[in-house]
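I am opening a new page to keep track of what I look up in this structure. My plan is to take one topic at a time and to write down what I find.

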Amino acid sequence: MKHLKTYLSALLIIFIAAACKIDNYPAPDARLYGTFLDVETNEPVEQDIIRGSTIEFIEHGYASQTKQVMIVKNDGTYRNNLIFANQYTITPVRGNFVPAEPQDVNVAGETKLDFKVQPYIRVKDAKIEKSGSKVIATFKIQQTVINNVRKIGLYAHPEPSVGEPMRTVLSETDINAATDPNKVYKLEIDIPSNSNNLKAGSQYFFRIGAIIDAPESKFNYAKAVRIAL
Amino acid sequence: MLFVLLTAVSCDNVLDKQPLDKLQGENLFSNPEGVKLYMANLYYQLPIEDFTFFRQGFNWNTGDPNNGGFAPAMITDEAVHTEFGDFIGNDDFQWWDQGYKLIRDTNILIDIIPTLDVTEDETKALVGESAFIRAYAYFALVKRYGGVPLITAVQKYEGDVEALKVPRSTEKETWDFVLKECDVAIANLADSWPGGERRATKWVAYALKSRAALHAASLAKYSERAPISGTAVDQKLVGIEKSAAADYYKAAIDASEAIINSGKFALYKPTPASPEEAAENYRKLFEDPNIAPTETIFIKGFARPGAGTGHNYGIWYQPNQTANGWPHPGRMNPTLDLIDAYESYTNPGQNAPIATTVAGNDVNDYNGFDPAKNYKRYDDPAGIYKDKDARLWATAILPGTPWKGQKIIIQAGFVKPDGNAQLFGGDPIKVGGTTIYPYGAADRTQYSGFDTWGGNNTRTGVSFKKFLNEGVNVAPGWNQTVSDWADFRYAEILLNYAEAIVESGTGTAAKGAQALNDIRRRAGHTKNIPLTIDNVIRERRVELAFENKRFWDLVRRREYHTLFNNRVRHALIPVLDLRVTPAKYIFIRQNIARLNPSTFDYKQYYRYIPGIGSNGLVQNPQY
């Protein structure tokens, strides 16, 4: 009986050891990064980090053609440090720019891929200032397509990632028309009537945005501005 | 030798033995009682959005039904939960496997009907009922997923899995299938069942068609409000062309008109003498829908307490004071957003946002107590709600109103004699020898508002009343409530009718206006209002509040992403003002405490399709 026990445990160890075959696949070993650049000005195109433009990518060599997605930071840059070296079909989609074509990219090691896009709207001459008990934004709108501009807005949030999806206070105006590039638009937020969310002595980020009337379009922005109230 | 032989002989047919504790298919269907039994199970599986419908699914009253009492209304602008700040998630409101199980069970019956030895009338009824069930099931699928595989006969596995895979039909084909199945049901079902059984009739089938056609029509008309892209869109598996709206609206008008013109239905107590009477009539209608057989077209019963047969509204949603021993009551908190939608009697035909100050120009100010404001003061803590539509009084328990023999106390704090407000807790104070408690009473069993203890007290300023039975003290356990659910009410048909007329610009506008105003008359309104889409939608919100309609209304009209874009929902908090003697109540409009803003994304108009790895279907956009 004693022998049997020994044999059984030995057998068990052999079974368990047999399962220990090395089955570790290599970890993602490549990095993909880049920036959305305005095809005309070559400046980064401002984005939203949540519910903003997305990058869809399909890894080659698999039947399923599953779309994976990456999101973009507010400054228009993106980075994926955990991607497998391989061929990919990459498409920026549902963005604040004229739809871009898919491109086949070989990702290996440190791969830089910038997207040259035509933003729907450029927010020009943007200025945001505190004046008395108000925060006032003035700016011009330059649209690059013939669609209507749906609306413009001034958004505020305690975090620098402020935008239409991420704001605690907003001031919006519906436009629903084509815009004159020389017209100066003005939006203002009254501080006392938003005392819940804009507290004197704290600082907040303000950002001007505008959205074009196109399916699944996202907001275009000027850079966020930090203001102490 | 002989023994072996005998043993072998006795083995004959051992594998063909019938189990003694289960019914075989042929036996089940050869007996009318068996068919009835089978049918009862199909009805049980029907996706009725009743007291047991939650984001986890249907019939949520078996096993462990503990979901914290988080009702579908809390994902809309109707209510919030006392504690949870959840909004809609990808896994919510799924109904895929269960849907196809019901469809398969129905197809088994449909395939076997021609072989049954029953009378022609009985055959017709079976054909009608099974078409009704399939229409109901596909309606539940198409409003979640868009176009789905149409399985119209029992599938048999004959060694080839691929042969069982049916691709998705387009969304339009799926809606058309639902309406066609309704037509089959309408053509085959009788006016009523001889014993008055709660089974589908011609009129229930018309009611389903009215609801489904209006849903499809709204999608066709409004899908462009929330454009999406992807393979499923390219293949028309989701989305309907705008041009299809006209036919669907017409189908909704025709189906509703058939019910209206039948002369068999009417609103329960249509001409009350006063708003008070109207409130009591409306309350009773939901306490027990069986009292109004002309209004309730289709009822699902909850016959006896217990798993699978009772529900949990009676424990989750009582105000804290009448918890009757249940540890976590008070969880349905109707929002100020809903309260504002109820009309006032003096200014009918408009939303009537509650003005809390004498100036009355600050209904959009949610920044909290402002000592500089001249708040209206009331002796009666429900005084500010006077003049509001009777249905508010029957849908929510307002502060200071009686319920189950108690005065329900809902108070958020007080303004001290020195003018400083003390809200949401803190110590009691003494004023002129009297001790004043922040929540209106000394002990936590004696009030129903704002204390966070146990997550049992409303944080919106009112508690919930609709459907609750004032005369019954529900035992503090699972599935002990047995009130019945009215799935189709005549009032909904009238509202479907009015909406289809005003949205399509067809039909008789005068009749649509009458349908709208008949419902308002029943709620104590005496001045008619014109038929406009805003008036119809407001009326739907208040008349059908908490009947699990609002979620789908926001979906089908593609209003969710607009109304829930960083949406903050609101409370109306009653505060005792000690600056005056005797103390009076003031009210403050403010954001609901401890609740994050909620946002509805375009892609959430469709649920994701589970299991595409094995069923090979095209996934919905952005999943």
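**Entry 1: the model.** Before anything else I note that this is a predicted model, and I keep that in mind in the entries that follow.

**Entry 2: where chain A meets chain B.** I looked up how many residues take part, and I found that 14 residues of chain A are in contact with 12 residues of chain B. The area buried between the two chains comes to about 1,000 Å², and carbon and sulfur atoms give 30% of that area. Sorted by class, the side of chain A that touches chain B holds 4 nonpolar, 4 polar and 6 charged residues.

With charged residues on my list, I also looked for salt bridges across the interface of chain A and chain B, and the rule finds 0 of them. For polar contacts across the interface of chain A and chain B, the rule finds 9 residue pairs, both residues being at pLDDT 80 or more.

**Entry 3: a charged pair within chain A.** Over all chains, the structure holds 67 salt bridges, and I picked out one of them, in which the side chains of Arg207(A) and Asp48(A) meet at 3.7 Å, N to O. As a reminder to myself, side chains of opposite charge can pair when their charged atoms come close.

**Entry 4: a sheet in chain A.** I followed 3 strands of chain A that form an open, antiparallel sheet in the order E9-E10-E13. Strand E9 (121-131) and strand E13 (185-190) of chain A are the edge strands, each pairing on one side only. The twist in this sheet averages 20° from one strand to the next. E9(A) and strand E10 (residues 134-143) of chain A run antiparallel and are joined by 9 bridges, and in E10(A) the bridge partner of Ile128(A) is Ala137(A).

**Entry 5: a sheet in chain B.** Here 4 strands form an open sheet in the order E8-E7-E13-E14 of chain B, with mixed pairing. Strand E8 (421-423) and strand E14 (584-591) of chain B stand at the edges with a single partner strand each, so one side of each is left without a neighbour in the sheet. The twist averages 30° from one strand to the next. Strand E13 (residues 570-577) of chain B pairs with E14(B) in the antiparallel sense over 8 bridges, and Leu576(B) has Tyr585(B) in E14(B) as its bridge partner.

Entry 6: Asn479(B) lies in the loop between strand E11 (463-464) and strand E12 (485-489) of chain B.

Notes. Residues numbered from 1 in each chain as written. Chains lettered and ligands numbered in written order. Predicted model: local features only at pLDDT ≥ 70, side-chain atom pairs only at ≥ 80, totals over all residues. Heavy atoms only, no water. Contact = heavy atoms within 4.5 Å. Buried area = accessible area lost by both parts, 1.4 Å probe. Salt bridge = Lys/Arg side-chain N within 4 Å of Asp/Glu carboxyl O. Polar contact = N/O pair within 3.5 Å; in protein donor to acceptor, adjacent residues only side chain to side chain. Nonpolar A, V, L, I, M, F, W, Y, C, P; charged D, E, K, R; others polar. Pairing = 2+ DSSP bridges. Helix = DSSP H or I, 4+ residues; strand = E, 2+ residues; numbered from the N terminus. Axes fitted to C-alpha atoms, helices over the stretch in contact; angles between N-to-C directions.
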